Amino acid sequence: MASAVSLDDLDELTVVARAQDGDLHAFEWLISAYQGGVFRLAFRMLGDHAEAEDIVQETFIAAWRNLPNLSAPQAFIPWLYRTATNKCFDQLRRSLRRPTDPVSFDDGAAGTPGAAGEGELWNQLPMPAGGPAQDPAVYHETEAQMQALADVLQTVPAGLRVCWLLRGVHNFSYAEIAAIVQQPESTVRGRIARARRLLAEGMQPWR
């Protein structure tokens, strides 16, 4: 009997197909697998914990409603992130109506690829393994750098920011990012290059 098989023993495409057929347990499995990644993307895009939680909820509600329309199970992950990205942009557009909000969607000119690897600046920061109890000075210095990077990231135009996050934090390929943001791959490469340059300039005081 299919119901006796644990979802953890199935490949992910089968789980997605089951969710498409209305299997709520399969959909809950997908939520458990991807809600963390969707939250991290939304939080880094919006800089607001409560708004990011709302995006996660709205994304999975939309996913449940529209899963039967998904063309193929293998399209699920980019489709899910595209839904989340679009909802983040909707939220940012609403924020633009606030007169003091400086968020810009301007992509600007495409730059040339920088020297930074795909681990990006976040991964270049030292992370003390033992936490504050081991070396409080180093730990708090790293914490300050992480916060500085998060602050600089919020100054990067949203169109560039989402491409950089999808590549540098979520490890999507350029082709996958192009599918998520629905732009040519060349545009994605240009956006990521410019985001890298802006982040490197913003973090210059920490070097």
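Start by selecting Cys88: at 1% relative accessibility, this cysteine counts as buried (buried is under 20% relative accessible area, exposed is over 50%, and partly exposed lies in between, with a 1.4 Å probe and protein chains only). Next, pick Cys163, which is buried too, at 0%.

A quick word on what you have open. It is a predicted model, where local features need pLDDT of at least 70, side-chain atom pairs count only at pLDDT 80 or more, and totals for chains, interfaces and linings use all residues. Residues are numbered from 1 along each chain as its sequence is written, and side-chain values use heavy atoms, with hydrogens and water left out.

While you're on cysteines, how many disulfides are there? The count is zero, taking a disulfide as a pair of cysteine sulfur atoms within 2.5 Å.

**Next stop: the salt bridges**

Side chains of opposite charge can pair when their charged atoms come close. The whole structure has two salt bridges, each being a side-chain nitrogen of Lys or Arg within 4 Å of a carboxyl oxygen of Asp or Glu.

Select Asp90 and Arg93 for one of them: their side chains meet at 3.2 Å, N to O. Both sit in helix H4 (residues 76-96), and because they are three residues apart, about one helical turn separates them. (Helices are DSSP runs of H or I with at least four residues, strands are runs of E with at least two, and both are numbered from the N terminus.) Asp90 is partly exposed, at 36%, and Arg93 is partly exposed as well, at 44%.

Now jump to helix H9 (residues 185-202), where Arg189 and Glu185 lie four residues apart, about one turn of the helix. Their side chains form a salt bridge at 3.3 Å, N to O. Arg189 is partly exposed at 40%, and Glu185 is partly exposed at 33%.

**Last stop: the largest pocket**

Which helix gives the largest share of the lining? That's H6, with six residues. The pocket's volume is about 210 Å³.

A pocket is an open set of points on a 1 Å grid over the protein atoms alone, where a 1.4 Å probe fits, with protein on both sides within 12 Å along at least five of seven lines; lining residues have an atom within 4 Å of a point. Points are joined across faces, edges and corners, and the volume is the space filled by probe spheres set on them.
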